[in-house]
Amino acid sequence: MKRIHERVKFVLIPDANKPVRHFTVPKVLFFAIPILILMLALCSAIFIIFNSGHASQVKLLQRQLALSETNYEDMLQSREEQIAVLESDLASLSQQAAEVEDRMTEIAELESELKNIAGIEEPDIPLSDGQGGEEFVVSAAETDANLATATKQSFSEMTSMMEAMKPSLESTKEALIGYQRLLDMTPSIWPADSRRVTSTFGVRRDPISGRSAVHSGLDLGGNRGDPIYAAADGVVTLSERGYPQGNNILIDHGRGMETRYLHLNRRLVEIGDTVKKGQLIGELGNTGRSTGPHLHYEVIVNGEHVDPMPYIKEDRKEP
């Protein structure tokens, strides 16, 4: 303990004109100061090491943060591109919905025309009410939402429309089948390949007697053996050879309509046969009371002979 309290005396001798100064310092300072310096150096080293580790972590965190920011920007850009694609697809889908709706409207109009042709009465459709009001500008998000809602509603309405049109189209189909059947049973084609009319329907000078007489049909000139066709679907009710008709065929088409084919060279169908429009039934000839090869063609409605010409609307369709 005594050594701790020992002191060291310092003598400071200035210039000759100044007095000598004496300093007394405890001896323990000679040991404490180096230790203190060593501790300060040690603390500085520890502080430097600690701070360098933290600096490395800070730099690592900064790099991670920068990478996260880059990834976030890339992800944000990708999301924006996806949103742009979805918006484009939504607009395209909306346009397609509008186009499909227009096509369905055209189909409905076509069905209406077909119903008119087939003689089907349609119920009156009330006109849509008027529209109007003040206009308010909406944001892009609201526009997209409204467009998506409108597109969804359009497809929902089209689904309902298709469901509603299905039975209507079925009835139209049945009506058209019936109408087509009616057309098939109506004599509307040329009964021969020849278009050379040698005598029309009505009063004329008889080619054999020279007297005025009623001509009950239409004469088509041609060559012996030319094909003769059924003018419509029907059933053969007469197939015989007689005078003055020669070889002749009578076909019943139903609904009081009949057609008759006279002066044939040959008959190819018999009584009871069912024939189709355009079917070959005989050959053009010069049998019976005739001055040359031709077909005498008659149209009979409810037992009365009528002019065949107004019934001839088209050529025979090739099978």
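How many helices and strands are in the protein? There are two helices and 14 strands. Helices (H or I, at least four residues) and strands (E, at least two) are DSSP runs, numbered from the N terminus.

## Basis of the model

This is a predicted model, in which local features need pLDDT of at least 70 and side-chain atom pairs count only at pLDDT 80 or more, while totals for chains, interfaces and linings use all residues. Residues are numbered from 1 along each chain as its sequence is written, and side-chain values use heavy atoms, with hydrogens and water left out.

## Helix H1 and the coiled-coil region

An unreviewed UniProt entry places a "coiled-coil region" at residues 76-113. UniProt positions follow the numbering used here, feature names are shortened, and annotations may be inferred rather than shown by experiment. In the model, residues 76-113 are 100% helix and 0% strand, with the end C-alpha atoms 55 Å apart.

Tyr-72 is found in helix H1 (residues 29-118).

## Burial and the nonpolar core

Of the 319 residues, 24% count as buried. Buried means under 20% relative accessible area, exposed means over 50%, and partly exposed lies in between (1.4 Å probe, protein chains only).

The largest nonpolar core has 21 residues, and Ile-228, Ile-249, Ile-251, Tyr-261, Val-275, Ile-281 and Leu-295 have the most contacts inside it. Strands E6 (218-221), E9 (246-254), E10 (257-267), E12 (280-284) and E13 (294-301) each give two or more residues to this core. A nonpolar core is a set of buried Ala, Val, Leu, Ile, Met, Phe, Trp, Tyr and Cys residues joined through side-chain atoms within 4.5 Å.

## Salt bridges

The whole structure holds five salt bridges. A salt bridge is a side-chain nitrogen of Lys or Arg within 4 Å of a carboxyl oxygen of Asp or Glu.

One of them joins Arg-195 and Asp-315 (2.9 Å, N to O). Arg-195 lies in the loop between helix H2 (140-184) and strand E3 (197-199) and Asp-315 in the segment after strand E14 (304-306), so the pair ties together parts that are 120 residues apart in sequence. Arg-195 is partly exposed, at 37% relative accessibility, and Asp-315 is partly exposed at 47%.

Asp-206 and Arg-289 form another salt bridge, with the closest N and O atoms 2.9 Å apart. Asp-206 is in the loop between strand E4 (202-205) and strand E5 (212-215), and Arg-289 is in the loop between E12 and E13, 83 residues apart. Asp-206 is buried at 9% relative accessibility, whereas Arg-289 is partly exposed at 31%.
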